[in-house]
Structure formats: structure tokens, C-alpha cells
2 protein chains.
Amino acid sequence: MASIKDVAAEAGVSVATVSRVLNNHPSVSDDARTRVLAAVEALGYRPNAVARSLRTDQTRTLGLVISDVLNPYFTELARSVEEEARALGYSVIIGNADERPELQDHHVRTLLDRRIDGLLVSPTDGGSPGMLDAARAGTPMVFVDRWIPGLDVPVVRADGRAAIRDLVAHLHGLGHRRLAIIAGPAATTTGSERVDAFRDALAEYRIPLPDAYIGQGDFQAESGRRATEGFLDLPEPPEVVFATDNLMALGALDAVRARGLRVPEDLALAAFDDIRWFVHTDPPITAIAQPTPELGRAAVRALVDRIEGRVPESVTLPARLVVRRSCGEPGPAQPPVPTAPVQTVRRSKS
Amino acid sequence: MASIKDVAAEAGVSVATVSRVLNNHPSVSDDARTRVLAAVEALGYRPNAVARSLRTDQTRTLGLVISDVLNPYFTELARSVEEEARALGYSVIIGNADERPELQDHHVRTLLDRRIDGLLVSPTDGGSPGMLDAARAGTPMVFVDRWIPGLDVPVVRADGRAAIRDLVAHLHGLGHRRLAIIAGPAATTTGSERVDAFRDALAEYRIPLPDAYIGQGDFQAESGRRATEGFLDLPEPPEVVFATDNLMALGALDAVRARGLRVPEDLALAAFDDIRWFVHTDPPITAIAQPTPELGRAAVRALVDRIEGRVPESVTLPARLVVRRSCGEPGPAQPPVPTAPVQTVRRSKS
DNA sequence: CTGAAAGCGCTTACAG
DNA sequence: CTGAAAGCGCTTACAG
């Protein structure tokens with residue numbers, strides 16, 4: 001592979017001059033510039049980013065550590081992150097933690113070893129050692145979606161409280177009184193917040209949330225299946241299950257189907273996080289949608305602000321309820337529904 | 001951030017010695033080793049991967065350029081690639097081409113600038129300039145899923161021909177005679193192969209595949225929607241549509257639903273690529289499943305073989321038909337189906 | 001405007 | 001077993 005030396009030789013100038021034209025330094029004669037460019041072209045020269053990074057102490061690379069690539073929510077997030085980063089002149093390296101703290105730490109460490117300029121994280125837990133070290137070491141960092149309380153790190157996320165209130169109002173209006181939830185890990189903010197918001201909203205209707213109606217999940221499908229089976233085995237099973245992410249909703253569907261039961265007749269279902277397939281599931285699933293691409297973009301902007309010496313801002317965007325048919329909503333006569341118009345309920349004020 | 005010099009000073013040895021213990025070089029005294037390790041611990045030292053890469057001329061990093069991260073097939077592929085790479089001591093950087101050749105080239109170039117040790121690609125087209133340059137420049141490379149003919153690059157992929165024959169036999173057995181297909185871009189191998197295989201299989205039943213029954217898609221949902229609308233507008237619409245990837249199948253479902261029609265009564269649907277949601281769609285979708293994780297692993301092994309001086313092998317694995325209910329298969333009385341056992345049809349011999 | 005030189009943080013023959 | 005030194009490919013004061 002041609003190096004800057006080869007280009008310099010070919011152009012008959014010093015490597016300093018080559019470097020200058022490559023970096024658009026103003027003080028280069030037109031003549032030198034022309035010859036360098038010709039040499040670059042002739043040799044198909046491409047600067048070695050590794051050498052440049054070592055010298056300049058910046059990689060123009062962002063690390064993104066997400067909890068699970070197979071979760072469409074995170075995939076969409078990753079995509080918007082890469083897009084915005086590219087627009088700002090950065091590359092992004094994704095690390096998939098698979099909801100495993102040790103794997104998350106592995107990626108944080110690897111990313112730091114590569115001297116990424118900043119780190120975007122949606123932590124898998126309450127704060128693994130590597131994570132905490134990174135934050136304390138002063139690595140530019142921003143949390144997206146999930147975060148770790150008590151750290152001085154900006155957070156970009158969606159607020160689901162209002163949408164969860166809307167959901168509970170919706171379910172109550174449909175006549176449901178026994179409502180259960182499949183929670184994510186309590187160590188994650190989204191794990192605990194969604195349960196809290198759900199409990200608070202139920203309280204407004206004086207409906208309790210007994211422990212038996214709280215299924216402990218880990219944001220993966222299998223845990224949603226298990227939790228749902230647990231609910232169905234109860235002497236008095238719930239009428240509705242609220243799965244706090246789309247994969248656990250998938251698991252819940254698996255469980256219901258495995259018993260030969262039906263949604264929503266035998267058990268209604270709602271999910272946090274909306275995905276395109278929810279329109280076509282049997283039945284279409286009522287869900288809470290996050291403004292995912294906006295979150296990704298805002299997170300990148302905050303991180304780049306921090307990296308480039310500006311003051312980063314935390315951002316909270318509203319989530320919204322999307323009503324479909326999985327909670328026993330009235331609709332066109334069964335079976336299979338034609339055009340199911342998507343109703344959107346705006347978040348209630350405050 | 002502590003450098004190797006700091007560690008050397010702290011341990012009272014030269015940087016050479018520090019480097020040796022870090023790289024497990026045998027000739028280091030126990031005493032020196034102990035002191036270096038203690039210094040490393042005390043300073044929380046982590047070697048700078050950028051500097052190491054510059055010096056050793058290897059990054060222990062693989063590039064993976066996929067056509068679309070939002071496609072669950074590629075997400076699953078990416079996950080298994082990262083997993084296998086990690087097991088072999090490599091990191092992977094993913095580039096998402098979004099089915100756009102220029103974006104693909106951008107990523108190939110960026111990855112090469114970073115001096116990745118090898119490149120795994122599922123090309124978006126017949127071969128963008130950057131792609132071709134990389135192959136010719138001698139970058140260790142392996143194609144996964146899609147490939148570019150005429151290049152001396154190993155290919156790891158699934159063979160869908162047998163499964164497509166099985167599918168056509170299945171559809172014919174169900175009484176369907178007017179069969180349409182939504183193709184991917186002709187410039188991609190998977191785009192053209194699936195149509196060819198479909199046409200050949202139809203020919204065995206003396207069923208023609210008129211141009212009007214070939215919808216031109218681009219592997220994205222929107223194109224599946226458009227193609228399906230085109231079919232429905234035909235004076236004699238097809239009885240079945242075979243979408244050659246899962247996103248175009250999603251688009252097809254959107255189109256059918258938008259007209260207030262039903263699958264499979266008004267139009268049957270089958271898809272290439274199986275995803276977990278197909279079990280729960282209305283109706284559950286008959287699809288051709290690829291051994292995706294195995295493909296990812298085999299591709300990494302081939303690439304690492306190539307990088308480490310061994311001889312890489314091309315690998316072709318069979319895809320298989322998974323029969324569900326979207327093609328008018330007989331099943332438990334409508335509506336909503338309880339336990340839908342997944343039948344698997346093994347690939348026919350030859 | 002231009003070049004010689006230093007230096008980023010490592011690794012690795014080479015000499016002892 | 002150990003250290004001094006060269007060098008990977010760049011960038012950037014510094015001097016001219």
C-alpha cells in the first residue's frame with residue numbers, strides 16, 4: 001500500500017507538503033498542490049487512518065454499546081446513530097452486549113483501547129465496572145434510552161410515563177381490571193421506570209399491582225414466554241399483560257399460542273416499543289412507540305458537542321400510545337380485519 | 001491516559017520489558033514480570049491499540065459490510081459474525097449500505113482506511129468501484145449471502161434452489177397455477193438467482209412466468225408494496241406472490257391489507273427468509289429459512305483462514321421450506337389458529 | 001510556501 | 001534476561 005512517502009517522491013515534494021494538501025492547509029502553492037493530487041491519483045493513495053489517529057490523538061470514531069442488536073428497537077437506534085454520526089464526519093463502531101454485563105464491559109474496554117473519541121451507551125445493568133471506569137476516566141460519554149443514575153453523563157431518552165398513563169386509561173376504559181406487567185431487569189432504568197409508571201397509573205384507578213402480576217423478564221423473548229406462562233398458571237390470571245419491550249411481547253404471544261389460547265379474548269396484550277410487524281400480527285398489537293430515530297440523532301449531537309468542547313444537553317422526548325386490536329378494542333367484525341387505521345393518542349398534558 | 005512509558009517508569013524497567021510482559025514474551029524474569037504487572041494494575045494501564053496496530057500492521061479487526069441493518073436477516077448475520085470473530089480474537093466493524101452502492105463504497109473505503117485485516121461483504125450491487133478495487137488490491141475478502149461473480153473471492157451462502165423447488169411443488173399441490181414473484185435487484189446474485197430458480201421450478205410444471213408476474217423490488221418493504229399493488233391491478237392477478245425477502249413480504253402484506261383483501265383467500269403469500277414474527281402474523285407465513293448463524297460463522301472462519309495464511313473455502317449451505325398458513329394450506333378451522341405446528345420440508349435430493 | 005525534524009505509543013531485531 | 005534504538009505513517013511547530 002502506498003504511503004505518504006511514495007506520494008512525496010512521486011510528486012517531488014516533502015511529506016510535509018503532501019500532508020498539507022491532504023489536510024487543506026492554506027499555505028501550499030498551486031503548483032505543489034496539483035502535483036501532489038496527481039501523485040495521489042496515480043498511486044491510488046489513501047491516508048492511513050491508524051497513523052493519523054496516533055498522531056492527532058483523535059479517531060473521529062464513536063463507540064455505541066447497545067444491549068441487544070437483535071431487538072429491532074436498538075437496530076433502528078443504531079441506524080440513526082450511524083447516519084447522524086456520518087453527517088458530522090464520524091464513524092461508529094457498534095458493540096452488542098446481548099444483555100450481558102460482562103460482554104458490555106468487553107466492548108467498552110475494546111472501544112476504549114481503540115481510542116474512540118466518545119461513547120454512546122444504553123447500559124445493560126446498573127453500571128458494570130468497565131462502564132463506571134470509563135465514565136470516571138473522563139471519556140466523553142452520553143447515555144441513550146437507558147442510563148445509570150448518579151453519573152454526570154447526559155441522558156437522551158424517551159419518557160414513557162405519559163404514554164403508559166394513556167395506555168392504562170385505555171385499558172381501564174376497555175373494562176380491564178386485572179392488569180399484569182412483564183418487567184425488564186430492575187437494574188436497568190427502563191426496567192424499573194416502566195413498572196413504576198404502570199403502578200402509578202393503576203393507582204389512579206385504585207387498582208393494585210400485586211407481585212404475582214409482575215413478571216420478571218430480561219427484555220428477551222424467552223423471559224416473556226416464561227412470565228406469561230406464570231400468569232396463565234395463576235388461580236386468577238390477569239386480563240391483560242403489558243410487555244415492556246417488543247421481544248418479551250413476542251414471547252408472550254408464543255406462550256398464549258402454545259396453550260391454544262387467543263389474544264385478546266383469553267388474554268389481552270400491549271407492548272412497549274412499536275415495530276412494523278405489529279400491524280400484521282394476529283391481532284395487531286397495541287403498543288407504545290418511541291421516537292427512536294430522533295433519539296439516535298439527539299444522542300449523537302450531544303456526544304459530539306461534548307467531544308468538540310461544547311456543552312452537551314440531556315434530551316427527553318415523549319413516547320406515544322398507538323392503539324390497535326390486541327386489548328379487546330372494538331373494531332370491524334371478526335375475523336381478519338381489513339384496513340386497520342392506526343389511531344394515535346397524543347400524550348396527555350403533564 | 002497512562003502510556004507504556006509511565007508503566008516502565010513505575011516498574012523501574014524499560015518499555016521493551018513492559019512490552020514483553022504484555023505480549024507474553026518468554027524471556028522476562030519473574031521479578032520483572034511481577035513489577036510490571038503491579039505497575040499496570042496501579043496505573044490502570046491499557047495498551048493503545050492504535051499505536052500497536054501502526055507498529056504491527058494488523059488491527060485484529062474485520063469489516064462487515066451488509067446491505068441493510070434494518071433487515072432482521074442481516075442483523076442475525078451480523079450478530080453471528082461478531083460472535084465468531086470475538087471467539088477468534090477479532091473485533092468487527094459493521095458498515096450498513098442501506099442497499100445504496102455509494103454508501104457501500106463509503107464504508108468499504110472507510111474500513112480500508114482503518115486498515116482492517118479483512119472484509120466480509122454482502123454486496124448491494126454487481127460491484128461498485130470501491131468494492132472491486134478492494135478485491136483487486138488483495139485485501140483479504142469473503143462474500144456472504146450475496147456475491148460478485150468473476151472475482152477470486154470465496155463465497156459463503158445458502159443455496160435456495162432446492163427450497164424454492166419445494167415451495168413451488170407445495171404451491172402447485174395446493175392448486176395454485178398463477179404464481180408471481182417479487183424479485184430483488186437483478187444486479188445482486190440473490191436478486192437474480194431466486195427468480196431463476198422460481199422460473200425453473202415452474203417450468204417443471206409447465207407453468208410460465210410472464211413478465212407481468214415479475215415485480216421488480218429492491219429488498220425493501222416499500223418496493224414489495226408497490227409490486228403487490230401492481231399485481232392486484234392486473235386484469236388477471238396472480239393467486240400467489242413469492243416475496244424474495246422478508247421486508248418485501250411485509251410490504252406485500254401492507255398492500256393487501258390496504259385494499260381490504262385477505263391472505264391467503266384473496267392472494268396467497270410466501271417469503272424468502274424466515275423471521276420469528278412470521279409465526280404470529282395473520283396468517284402465519286410460509287417461508288424459506290436460511291441457516292443464518294451458520295453462514296455468519298462459516299464466513300468468519302473463511303476470512304480468518306485467508307488472513308492467517310491458510311486456504312479459505314467457499315461454503316454453500318441448504319435453505320429449507322417452512323410451511324405455515326399463508327398459501328391456503330389446510331389447517332384447524334378458521335378463525336384464529338391455536339398451536340400452529342411448524343412443518344419442515346427437507347430439501348429434496350439434487 | 002517549503003522542508004527537516006520531532007514525536008504520537010507501541011514492537012522487535014540487535015547487542016550485551 | 002534486558003535495554004537502547006529504529007521505525008510503523010502520519011502531523012505540525014519551527015526555521016528559512
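Visitor: What makes a residue count as near DNA strand D, and which ones come closest?

Guide: A residue is near a molecule or strand if its C-beta atom, placed from the backbone, lies within 6 Å of it. DNA strand D is surrounded by 27 residues. Closest are Ile4(A), Ser19(A), Asn48(A), Ser27(B) and Ser29(B). This is a predicted model: local features need pLDDT of at least 70, side-chain atom pairs count only at pLDDT 80 or more, and totals for chains, interfaces and linings use all residues. Residues are numbered from 1 along each chain as its sequence is written, while chains are lettered from A and ligands numbered from 1 in the order in which they are written.

Visitor: Which helices supply at least two residues each of the surface near DNA strand D, and what makes a helix here?

Guide: Helices are DSSP runs of H or I of at least four residues; strands are runs of E of at least two; both are numbered from the N terminus. Chain A brings helix H2 (15-22) and helix H4 (49-56) to this surface. Chain B brings H2 (15-22), helix H3 (30-43) and H4.

Visitor: How do you know how many residues of that surface are nonpolar, polar or charged?

Guide: Residue type decides. Ala, Val, Leu, Ile, Met, Phe, Trp, Tyr, Cys and Pro count as nonpolar, Asp, Glu, Lys and Arg as charged, and the others, Gly among them, as polar. The surface near DNA strand D has 13 nonpolar, 9 polar and 5 charged residues.

Visitor: And what comes nearest to DNA strand C?

Guide: Ser27(A), Ser29(A), Ile4(B), Ser19(B) and Asn48(B), out of 27 residues around DNA strand C. H2, H3 (30-43) and H4 of chain A, with H2 and H4 of chain B, each supply at least two residues of that surface. By class, the surface near DNA strand C divides into 13 nonpolar, 9 polar and 5 charged residues.

Visitor: How do you know what relates chain B to chain A?

Guide: In general, two copies of a chain are related by a rotation about an axis and a shift along it. Here the copies are superposed by least squares on the C-alpha atoms of residues with pLDDT of at least 70 in both. A rotation of 180° with 0.0 Å of shift along its axis puts chain B on chain A, with an RMSD of 0.0 Å. That is the relation of a two-fold axis. The same surface serves both copies: 100% of the contact residues of chain B recur in chain A. Thr281(B) comes closest to the axis of the residues of chain B, its C-alpha at 2.0 Å.

Visitor: Where do the domain bounds of chain A come from, and what are they?

Guide: They come from an automatic or database domain assignment. Chain A has domain 1 (4-47), domain 2 (56-157 + 292-318) and domain 3 (161-289 + 320-345). The C-alpha centres of domain 2 and domain 3 of chain A are 29 Å apart. Contacts join 13 residues of domain 2 to 15 residues of domain 3 in chain A. The domain 2 side of that contact has 5 nonpolar, 3 polar and 5 charged residues.

Visitor: What makes a set of residues a nonpolar core, and how many residues has the largest?

Guide: Its members are buried Ala, Val, Leu, Ile, Met, Phe, Trp, Tyr and Cys residues joined through C-beta atoms within 7 Å. The largest core has 190 residues. Leu269(A), Ala299(A), Leu269(B) and Ala299(B) have the most contacts inside it. A second, separate core of 10 residues includes Ile4(B), Val13(B), Val36(B) and Ala39(B).

How values were computed. Contact = placed C-beta atoms within 7 Å. Buried ≥ 20, exposed ≤ 12 C-beta atoms within 10 Å, placed from the backbone.
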